[in-house]
Amino acid sequence: MAATVEFLNVHKSFGHVEVLKGVDFVVEPSQVVCVIGPSGSGKSTLLRCVNHLEVTTSGAILVNGAMVGYDVRGDRLVEAPEAEIDRRRAKIGMVFQSFNLFGHMTALENVMVGPVKLLKTPKAEAEKQARELLARVGLADRADNYPSQLSGGQQQRVAIARALSMKPDVMLFDEPTSALDPELVGEVLDVMKQLAADGMTMIVVTHEMGFAREVADVVVFMDGGVIVEQGSPDDVLLRPQHERTRSFLAKVF
Amino acid sequence: MTTLSPAEHERIDLVAMSGKPVLRRRRPGQLAVVALLLLALAWALGTLITNEGFDWPVVGRYLFDTRILAGLLVTIQLTVIAEVIGVVGGLLLAVMRMSDSRVISGVAGGYIWFFRGTPLLVQLLFWGFAAAIFPEVGFGVPFGGPMFVSWDTNQVISLMTAAILGLGLNEAAYTAEVVRAGLLSVPKGQTEASRAMGFSGLATLRHVVVPQAMKVIIPPIGNNVNAMLKTTSLVVVIGVGDVLYNAQQIYAKNLEQIPLLIVASIWYLVLTTLVGLGQSRLERRFSRDAVPLTVREGR
């Protein structure tokens, strides 16, 4: 089931530094949203707030109409119980810039561990699903390799398979190709394109303008902790309205 | 480096030489050291054999004496139980030490400070004399409330228990720092990826962080077990019958001090050697992911 993600006046401060200064935005089911912007603009922080890896200071993020880290009690928000947060997180897949595959597990074990330990899927069934997922990302023959024996592109594809193993409603990508050698970027983007075509709701923080143009339904440009501009890829990337967007795009293109 | 003049270049047939192995340069200094070491070894061996004081027949007679073997069993028990307490306690302390709560981390820090800062010998004596401070132990309401059940301390805390508590609680303090270093060696991204999947903090520790910390933790723990095997001999001060205590008991009667100390030492050497073998097996097990690709595929 594809999810809706709503950002309602999201604020986030690290100490005295306000990184997010009121973000309002809605991601519709099966939409692919690419978030672009200069480093320090708050785009990664925004993504990490969605699954409560970072704690929002105020405002709310709703995934399928429910908050991940908070509950409403009376007229204010209270932190949700840990176990409840864990349960809600399981439905949100996340892919990191540095892959973060579990180093002591093979590719297959990485893709099996979530279903086996968290969803209590029987091992045989979990292995079957895991092999299917690895085949889907083109790595059926790498099931028994440890992450250290895989290239960056292969590791990232395993990481995508691992996130998918939890059958998430939405996938978050935090600069998934930024740590890759240029010739390995394509294989990861191909997997992401396939995922988008299959109807997954995706929020992608990226510097890959080509990918954004081709795959995104909406491109969001962030700077200084706010959304400066949003719209169709062609509108934002080719006909930007704001000066800040124009100067950013001039630097990356 | 020698430069060959054009004339020499003509004369010397370097190509023909390539078939013969290169002669290694002699190192007179190294040779002298080897000779000295061999001499020293020969002297030591000679003394071991000829000096009557070692009295090898007596060593042979007592090596498998039932009292020595019984003491050996106690030494092994003490080591295993104290080390288990040490590792479990150390893990607990390390996790507490890394807590955001200053009270929790402070308590763990205080524990480590205290147990590392006082001599183990004193700690062992304390546990041995625990009855002097707490004549009764039991369960009840603290701060002077009623006791539900209680026992005479000397009956519950036997000398063996005192020894185990002393060794184990001390070991926990040292192991805590080893474990903490291991946990910190696992990149933060591993925890984030695990939490993002929905694993709880505890499950993350168990399935993701600890297994990867093992690679860093095991070598120093092996070192600790080796040390613990011999440290257990301190329990002679509270009269626990380990291998050294029983050897002492025997030589108190027959006055064969040196042979019996050799008997005990031989057994310590056997045990530490076994621990070393076990350690290298464990290290290999937790480094499976470091096996090069070519070796894996070759299997």
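## Salt bridges between the chains

A salt bridge here is a side-chain nitrogen of Lys or Arg within 4 Å of a carboxyl oxygen of Asp or Glu. E192(B) and R48(A) form one, with their closest N and O atoms 2.6 Å apart. Between chain A and chain B the count is three salt bridges. Over all chains of the whole structure, the search finds 22.

This is a predicted model, in which local features need pLDDT of at least 70, side-chain atom pairs count only at pLDDT 80 or more, and totals for chains, interfaces and linings use all residues. Residues are numbered from 1 along each chain as its sequence is written, chains are lettered from A and ligands numbered from 1 in the order in which they are written, and side-chain values use heavy atoms, with hydrogens and water left out.

## The chain A and chain B interface

Contact (heavy atoms within 4.5 Å) joins 29 residues of chain A to 22 residues of chain B. The size of an interface is often given as the accessible area lost when the parts come together. Buried area is that loss, taken with a 1.4 Å probe and summed over both parts. Between chain A and chain B it is about 2,100 Å², and carbon and sulfur atoms give 57% of this. F102(A), H104(A) and Q149(A) supply 26% of the area that chain A buries against chain B, more than any other three residues.

## Salt bridges within chain A

Helices (H or I, at least four residues) and strands (E, at least two) are DSSP runs, numbered from the N terminus. E175(A) and K43(A) meet in a salt bridge, 3.8 Å from N to O. E175(A) sits in the loop between β9 (170-174) and α6 (182-197) of chain A, K43(A) in helix α1 (residues 43-50), and the two are 132 residues apart. Buried means under 20% relative accessible area, exposed over 50%, and partly exposed in between (1.4 Å probe, protein chains only). E175(A) is buried because its relative accessibility is 11%. K43(A) is buried too, at 4%.

R88(A) pairs with D71(A), the closest N and O atoms being 2.9 Å apart. R88(A) lies in helix α2 (residues 82-89) and D71(A) in strand β6 (residues 70-73), so the bridge ties together parts of chain A that are 17 residues apart in sequence. D71(A) is partly exposed, at 25%. D234(A) and R213(A) form another salt bridge, 3.7 Å from N to O. D234(A) belongs to helix α8 (residues 233-238) of chain A and R213(A) to helix α7 (residues 209-215), 21 residues apart. Both ends are partly exposed: D234(A) at 33%, R213(A) at 44%.

## The largest pocket

A 1 Å grid is laid over the protein atoms alone; a cavity is a set of points where a 1.4 Å probe fits but cannot get out, a pocket is an open set with protein on both sides within 12 Å along at least five of seven lines, and lining residues have an atom within 4 Å of a point. Grid points are joined across faces, edges and corners, and a volume is the space filled by probe spheres set on the points.

The largest pocket has a volume of about 1,000 Å³. It has 27 lining residues, and those closest to its centre are M98(B), D100(B), T191(B), R195(B) and G201(B). Two or more residues come from each of α2 of chain A and α10 (159-185), α11 (188-197) and α12 (201-231) of chain B. α12(B) gives the most, with five. By class, the lining has twelve nonpolar residues (Ala, Val, Leu, Ile, Met, Phe, Trp, Tyr, Cys and Pro), ten charged (Asp, Glu, Lys and Arg) and five polar (the others, Gly among them).

## Enclosed cavities

There are three cavities of 30 Å³ or more. β8 (92-95) and α5 (152-164) of chain A and α11 of chain B each supply at least two residues. Ten of the lining residues are nonpolar, one is polar and one charged.

The second largest cavity holds about 70 Å³. Among its lining residues are C49(A), H52(A), I61(A), M67(A) and Y70(A). β4(A) gives the most, with three residues. This lining has seven nonpolar, four polar and no charged residues.

How values were computed:
Buried area = accessible area lost by both parts, 1.4 Å probe.
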